[in-house]
Amino acid sequence: MDDPFRRPTFGSAVFYEDPFVALDWLEAAFGFERSLVVTDTDGNLAHSEMSFGDGYVMIGPIWTDGVASPRQTGGRNTQTVHVQLKDGIEAHHDRAVKAGAVITRPLERQFYGDLTYCARDPEGHVWSFGQTVALVGRTEAETASGLKIEGWFETGPE
């Protein structure tokens, strides 16, 4: 059966005390777009999906004791959603700051060739953003980081 929403194999769900406010904020700060919004007969959000590039994230309410917003856990996160940008990370960072995102890790080049930053949204979820700016081979990445890396291509670009 074909998926009419063309969702990738993996997706994440992020839960908010006020999911409608979250939808607006995620649009303004990160450029995510609403692709599906389902409400119940009382107008409460039952389920939603936001798209960005070829990915998506589900945004939902606190609907059971098994889910929480970091606002309810003293700010602790059990996951960070990573978004890989094709280009424009500096402008993306500036947009997030303008919308009130708290930058938890500054925009900086990583040993593996990506320019990255992390931002906290108003309910405390941490989002990570990256853009590949250089192809770095395994040996170069290991030398730069001091780590042993498996599953990485052997050399940088020829």
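In the predicted model, strand β1 provides the largest share of the lining of the second largest pocket, namely three residues. This pocket holds about 240 Å³ of space. Its lining comprises 16 residues, and those closest to the centre are Ala-68, Pro-70, Asn-77, Thr-78 and His-125. The elements that contribute two or more residues to this lining are β1 (12–16) and β8 (126–132). By residue class, the lining of the second largest pocket consists of eight nonpolar residues, seven polar residues and one charged residue.

Two or more lining residues come from each of β3 (45–52), β4 (55–61) and β5 (81–85). Strand β5 contributes the most, with five residues. The lining of the largest pocket is made up of eleven nonpolar, seven polar and three charged residues.

The protein contains three helices and eight strands. Their order along the sequence is β-α-β-β-β-β-α-β-β-β-α. The chain has 158 residues, and 35% of them count as buried. Along the principal axes, the C-alpha atoms occupy a box of roughly 60 × 40 × 30 Å. Among contacts with a separation of 6 or more, 52% are made by residues 24 or more positions apart.

The mean pLDDT of the protein is 91, and 92% of the residues reach a score of at least 70. Confidence is highest in helix α2 (residues 89–98), where the mean is 98, and lowest in helix α3 (residues 138–145), where the mean is 92.

Glu-123 is located in the loop between β7 and β8. Its relative accessibility is 7%, so Glu-123 counts as buried, the limit for this class being under 20%. The side chain of Glu-123 forms a polar contact with that of Ser-69, at 2.7 Å. Apart from residues up to four places away in sequence, Glu-123 touches Phe-15, Tyr-16, Glu-17, Asp-18, Ser-69, Pro-70 and Arg-71.

Gln-131 is part of strand β8, an element that gives two or more residues to the lining of the second largest pocket. Gln-131 has a relative accessibility of 11% and is therefore classed as buried. A polar atom of its side chain lies 2.9 Å from the backbone nitrogen of Ile-89. When neighbours within four places in sequence are set aside, the contacts of Gln-131 are with Gln-84, Leu-85, Lys-86, Asp-87, Gly-88, Ile-89, Gly-113, Asp-114 and Leu-115.

Arg-120 belongs to strand β7 (residues 114–120). With a relative accessible area of 33%, Arg-120 is partly exposed. The C-alpha atom of Arg-120 is 6.3 Å from that of Ile-103, a residue 17 positions away along the chain. Beyond residues up to four places away in sequence, Arg-120 touches Trp-25, Ala-101, Val-102, Thr-104, His-125 and Val-126.

Gly-11 lies in the segment before β1. Its relative accessibility of 40% places Gly-11 in the partly exposed class. Gly-11 and Leu-147 are 136 residues apart along the chain, and their C-alpha atoms are separated by 29 Å.

Methods: Residues are numbered from 1 along each chain as its sequence is written. This is a predicted model: local features need pLDDT of at least 70, side-chain atom pairs count only at pLDDT 80 or more; totals for chains, interfaces and linings use all residues. Side-chain values use heavy atoms; hydrogens and water are left out. pLDDT is the predictor's confidence in each residue, from 0 to 100. Helices (H or I, at least four residues) and strands (E, at least two) are DSSP runs, numbered from the N terminus. Ala, Val, Leu, Ile, Met, Phe, Trp, Tyr, Cys and Pro count as nonpolar, Asp, Glu, Lys and Arg as charged, and the others, Gly among them, as polar. On a 1 Å grid over the protein atoms alone, a cavity is a set of points where a 1.4 Å probe fits but cannot get out, and a pocket is an open set with protein on both sides within 12 Å along at least five of seven lines; lining residues have an atom within 4 Å of a point. Grid points are joined across faces, edges and corners, and a volume is the space filled by probe spheres set on the points. Buried means under 20% relative accessible area, exposed over 50%, partly exposed in between (1.4 Å probe, protein chains only). A polar contact is a pair of N or O atoms within 3.5 Å; within protein, one must be able to donate a hydrogen and the other to accept it, and residues adjacent in sequence count only if both atoms are side-chain atoms. Contact means heavy atoms within 4.5 Å.
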